[in-house]
Structures are given as C-alpha cells and as structure tokens.
Amino acid sequence: MKRALSIAGSDCSGGAGIQADLKTFSAHGVFGMSVIVSVVAENTEKVIDVQDISEDMIKKQIEAVFEDIGVDAVKIGMLSNPQCMKTVAEQMKHYKPLHIVVDPVMYAKNGCPLMDPSSIDTLVNTIIPIADIITPNIPEAEKIINSNIQSIKEMEDAAKRIYDMGCKAVVIKGGHHMGSAIDVLYDGKELSYFDTKRIDTKNTHGTGCTFSSAITALLAKGFSTSEAVNEAKKYITGAIQHSLELGKGNGPTNHFYDLYRRAGIYENEL
C-alpha cells in the first residue's frame with residue numbers, strides 16, 4: 001500500500017486540515033499519516049483559537065514517520081508561522097520525499113486567518129521552492145504575488161510568477177472566481193485547464209485541503225501531475241456535490257460519497 005503524510009493543522013470539527021486529509025487518503029486507498037503543526041479549535045462557523053505545536057515536536061513527528069513506515073508523498077497544509085515553515089522545509093530537504101504538495105492555507109472558510117501575515121516571505125523563500133506542486137486559491141495566490149487576480153489571463157500570469165519562485169508546478173484554483181470553477185495548471189512548459197460547473201452550496205468547508213490531499217494520494221499511486229490534478233478535480237467536485245448539511249455555517253464535503261454510493265449506505269441521503 002502506498003503511504004501519504006499530511007503535515008498540517010488539526011480541525012476538531014473534522015471537515016478540514018489533518019482530518020480531511022486522512023479521510024481523503026483513505027478514500028483513495030492510500031495509508032495516511034499525520035504531523036500536527038497546530039491544534040485549531042474551529043467549527044463550521046468560526047475559528048475560536050489556534051495553539052501551535054513546538055518546532056521540536058514537529059521535527060520529532062516527522063522523524064517518527066520517515067524513519068519507520070516511510071512516505072511516498074507529502075502534503076503540506078497549514079503552517080502558521082515562519083519558525084514552523086523553516087522546520088518543515090529543513091526536514092523535507094533532509095528526507096527528500098519523492099512528491100511534495102503544498103496547500104498554502106492562509107484563511108479558514110469563514111475568513112479567519114490561519115497564517116501570520118508576516119509569514120508570506122518565509123513561505124516564498126522556504127516552502128514554495130521545495131514544492132512539486134502548490135495549490136493556492138485566488139486570494140492566496142494574490143497574497144503570494146502581491147497583486148489582484150480578476151481574470152483567467154491573470155490566473156495564468158500568477159501561476160507563471162509563482163512557478164518562477166522555485167516550485168515544479170502550480171495550480172491556481174478558481175473557486176473564488178466568477179463563472180465556472182476553472183483551475184489553471186502550469187508546469188513550466190504548458191498551461192492546462194480543469195473546468196467544472198460551479199455547484200450552488202455553502203457546504204465547502206475543507207475543499208482546499210481535500211483537493212490537495214487527493215493530488216498527494218494520486219501522486220503516491222504513480223499518477224502524473226496533470227493526471228493527479230484532473231482526478232482530484234473530479235473527486236472534490238463529487239465531494240462538494242454530495243456535501244453534508246452539518247453545522248450552522250459552511251458544512252463539510254463528503255469524502256466518502258463514492259464509497260457510500262457503491263456500498264448502498266445512506267442511499268437516500270446522498
């Protein structure tokens with residue numbers, strides 16, 4: 001069985017972060033492991049508080065995974081401060097995993113900040129250069145390039161600018177753009193587009209985490225970058241289509257919708 005590691009924050013409400021990543025890994029038949037860098041007290045409505053884990057403990061969690069079970073692909077999600085970023089980057093350079101997917105989480109779905117704004121320079125200088133693929137949404141991409149994005153052409157330009165920061169590929173997610181939900185992939189050679197009809201639902205908690213961890217699982221299984229993005233796009237679209245009406249705010253996506261459908265579980269609810 002292929003092995004995937006998520007290095008990210010923990011979402012106690014189960015819709016995003018480590019919890020979403022592990023569900024996504026399992027849905028793709030990949031053995032999931034985790035390194036928790038922050039404990040986030042949040043739900044579908046708000047982020048209540050964040051408590052960061054020490055750099056030493058982050059390092060020890062990474063060592064524990066790599067020195068025993070091993071890793072085929074790594075997903076890096078929420079990294080709240082520069083010290084955390086530097087620790088993770090150092091460990092990735094040491095262990096040299098074959099695939100690294102970076103989801104530069106900056107805000108929760110409700111807009112609450114999950115990354116210290118002063119960390120952008122460290123993200124650019126230490127995390128983006130180690131990424132095989134980075135998956136910012138439009139607001140995150142705007143922060144990274146310090147420029148507004150209001151069109152497909154500007155998404156393309158942003159992808160190229162982020163690629164020039166040292167990563168091997170960039171997906172700018174168009175979920176925050178008007179019109180269809182189009183994502184733009186740039187791999188240094190060509191632009192590719194992944195377009196789906198926008199789904200009318202408020203239940204999108206954890207979509208970015210789920211999309212990036214799906215890419216991670218698929219890369220671990222041997223898919224190419226373009227194939228992994230395409231299949232992950234299909235997966236997250238289905239998870240949003242069958243999202244769960246839980247909580248009072250932005251409910252979670254349904255990570256196991258296809259498994260439940262094929263098994264005949266909750267058939268009337270999906």
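Predicted model: local features only at pLDDT ≥ 70, side-chain atom pairs only at ≥ 80, totals over all residues.
Q: Which residue forms a salt bridge with Asp 21?
A: Asp 21 sits in helix H1 (residues 17-27), and the partner sits in strand S4, so the pair ties together parts that are 54 residues apart in sequence. The closest N and O atoms are 2.9 Å apart. The partner of Asp 21 is Lys 75.

Q: Are Asp 21 and Lys 75 buried or exposed?
A: The cut-off for buried is under 20% relative accessible area. Asp 21 has 0%. Lys 75 has 1%. Asp 21 is therefore buried, and Lys 75 is buried.

Q: How many salt bridges does the count come to?
A: The rule asks for a side-chain nitrogen of Lys or Arg within 4 Å of a carboxyl oxygen of Asp or Glu. Glu 231 and Lys 234 meet it, with the closest N and O atoms 3.3 Å apart. By this rule the count comes to 11.

Q: Which helix holds both Glu 231 and Lys 234?
A: The two are three residues apart, about one turn of the helix. Glu 231 is partly exposed, at 29% relative accessibility. Lys 234 is partly exposed too, at 48%. Both lie in helix H8 (residues 225-241).

Q: Is Arg 261 buried or exposed?
A: Exposed calls for over 50% relative accessible area. Asp 258, at 26%, is partly exposed. Arg 261 has 53%, so it counts as exposed.

Q: Which residues are linked with Asp 258 in a network of salt bridges?
A: Side chains of opposite charge can pair when their charged atoms come close. The residues linked with Asp 258 in the network are Arg 261 and Arg 262.

Q: Where does Thr 135 lie?
A: Thr 135 is buried, with a relative accessible area of 0%. Beyond four places in sequence, it touches residues including Val 101, Glu 140, Lys 173 and Phe 211. Thr 135 lies in the loop between strand S6 (133-134) and helix H5 (138-145).

Q: How far apart in space are Ala 20 and Ser 213?
A: Ala 20 lies in helix H1 and is buried, at 0% relative accessible area. Its contacts beyond four places in sequence include Cys 209, Ser 213 and His 255. Ala 20 and Ser 213 are 193 residues apart in sequence, yet the C-alpha to C-alpha distance is 8.2 Å.

Q: What is the bridge partner of Asp 183 in S9?
A: Strands S8 (residues 181-186) and S9 (residues 191-196) run antiparallel, joined by six bridges. Their hairpin has four residues between the strands, and Gly 188 takes a positive phi near 95° there. The partner of Asp 183 is Phe 194.

Q: Which elements do the buried residues of H4 pack against?
A: Helix H4 (residues 120-127) is mostly covered, with six of its eight residues buried. Among them are Ile 120, Leu 123, Val 124 and Ile 127. They pack against H3, strand S5 (100-102) and H5.

Q: Which residues form a nonpolar patch on the surface?
A: One member is in the loop between helix H2 (55-66) and strand S4 (73-76): Ile 69. At 38% relative accessibility, Ile 69 counts as partly exposed. Together the patch residues have about 340 Å² of accessible area. They are Met 1, Phe 31 and Ile 69.

Technical notes. Residues numbered from 1 in each chain as written. Heavy atoms only, no water. Patch = residues over 30% accessible without salt bridge, like charges linked within 9 Å, V, L, I, M, F, W, Y side chains within 5 Å. Areas by Shrake-Rupley, 256 points an atom, 1.4 Å probe, with all protein chains shown as cover. Buried < 20%, exposed > 50% of the residue type's maximum accessible area, 1.4 Å probe, protein only. Contact = heavy atoms within 4.5 Å. Pairing = 2+ DSSP bridges.
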